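Subject: The structure we talked about

Hi,

Here is the structure I promised to pass on. Have a look at it first, and then read on for my notes on what turned up.

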Amino acid sequence: MQQQLRTDLITDYDRLAGTWWDPRGPLAPLGWIARARAEFVPAADRDGARLLDLACGGGLAGPHLTGKGYRLAGVDLSQLSLNEAARHGYRDLARADLTRLPFADRSFDVVTAGQCLEHVPDPYAAVAEACRVLRPGGTLIVDTIADTRLARLVAITLAENLPLPGRPERGTHDHRLFVNRPRLLRTAREHGVDLRLLGLRPHLREGLGYLAGRRERVRMVPVKATGVLFLGVGRKR
Ligand SMILES: C[S@@+](CC[C@H](N)C(=O)[O-])C[C@H]1O[C@@H](n2cnc3c(N)ncnc32)[C@H](O)[C@@H]1O
């Protein structure tokens, strides 16, 4: 019998909610990626601009977004994570499924979906929904894990098993939910957004410094290869 898809993660994130901001905890690398993602968010070009962070978790992007001029909104299914996000700059928070957003069409200037598409059974429906709530001219930013053997090796076999600080819990990822890049690009294009993809990896020297206990954070650097962790950015037509 085929094993069930691992989509019951919300209770895990409720249980882990106290660790969102722990620089050596199981969610620590998400903070590094949130910082990299925020660099792709343009400064707001109008008063009252709104940014929606899909599956915002504990709001790790918050500190990197303040100063860009947006009112921050976030949705997540983990209420305890939303409570954390409320303490880090998010003003409008809703416990909602990112594939069925409780917002009108074209209501946000920026929509981000960080490290969440690989946790939902239909990430392409989630991308369509993200495009729906984005206004024309607005920016969509997604980052997730590619559906490759290499990603499975790096993000599951190695990342979840090596006894290192910042290690995600075993079972965090289900490789069958990893995202197909051509289909992601096609879906976004069909909903008005031409995404440009780039890969992300930890800065090697900083990563080693982190593992040696000499530093608390690691910068992510852009790379051409998109076969493991990748980010897509584009504007809505
Ligand atoms: C890996 S964390 C990423 C959190 C945040 N985006 C970040 O990068 O720090 C995945 C998040 O997705 C949320 N999540 C999973 N499935 C969801 C869904 N269907 N709708 C809304 N949130 C979901 C979880 O509760 C968790 O907070």
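Let me start with helix 8, which spans residues 204-211 and has E206, G207, G209 and Y210 as its buried residues. Looking down the axis of helix 8, you will find those buried residues within an arc of 160°, so they line one face of the helix. L204, R205 and L208 sit on the other side of helix 8, and they are exposed. What do the buried residues of helix 8 pack against? The partner is helix 2. Just past the end of helix 8 comes G213, with a positive phi of about 80°. Before you read too much into any of this, please keep in mind that the model is predicted.

Helix 6 can be read in a similar way. This helix covers residues 149-158, and A151, A155 and I156 are buried in it. These three are on the same side of helix 6, because the arc they cover around the axis is only 80°. As background, an α-helix has 3.6 residues a turn, so residues three or four places apart point the same way. Strand 5 (134-145) is part of what covers the buried residues of helix 6.

Now to the ligand, which I expect you will want to look at on screen. The ligand is surrounded by 19 residues, and the closest are Y13, A55, D76, L98 and G114. By type, the shell divides into eleven nonpolar residues, five polar ones and three charged ones. Helix 1 (10-16) and helix 2 (28-38) each contribute at least two residues to the shell.

How much of the ligand does the protein bury? On its own the ligand exposes 590 Å², and the protein buries 96% of that.

Leaving out residues up to four places away in sequence, R37 touches A61, T112, G114, Q115, I141, D143 and L231. G114 in that list is also among the residues closest to the ligand.

You will find Q115 in the loop between strand 4 and helix 5 (123-133). Is Q115 buried or exposed? With a relative accessible area of 12%, Q115 is buried.

R106 also has a positive phi, of about 55°, although R106 is not a glycine. R106 is in the loop between strand 3 (92-95) and strand 4 (108-114). At 52% relative accessibility, R106 counts as exposed, whereas Q115 is buried.

S81 is in helix 4 (residues 79-85), and its relative accessible area is 0%. Neighbours within four places in sequence aside, S81 is in contact with Y13, D14, A17, W20, G57 and G58. One of these contacts, Y13, is also among the residues closest to the ligand.

The other position is G199, in strand 6 (residues 196-202). G199 counts as buried, at 0% relative accessibility. Not counting residues up to four places away in sequence, G199 touches V221, P222, V223, K224, A225, T226, L229 and F230. If you want to check a distance yourself, the C-alpha atoms of G199 and D147 are separated by 13 Å, with the two residues 52 apart along the chain.

Happy to go through any of this with you on screen.

Best wishes

Notes:
Residues are numbered from 1 along each chain as its sequence is written. This is a predicted model: local features need pLDDT of at least 70, side-chain atom pairs count only at pLDDT 80 or more; totals for chains, interfaces and linings use all residues. Side-chain values use heavy atoms; hydrogens and water are left out. A residue is near a molecule or strand if one of its heavy atoms lies within 4 Å of it. Accessible areas come from the Shrake-Rupley method with a 1.4 Å probe; for residues, only the protein chains shown count as cover. Helices (H or I, at least four residues) and strands (E, at least two) are DSSP runs, numbered from the N terminus. Ala, Val, Leu, Ile, Met, Phe, Trp, Tyr, Cys and Pro count as nonpolar, Asp, Glu, Lys and Arg as charged, and the others, Gly among them, as polar. Buried means under 20% relative accessible area, exposed over 50%, partly exposed in between (1.4 Å probe, protein chains only). The arc is that of the directions from the helix axis to the C-beta atoms. Contact means heavy atoms within 4.5 Å.
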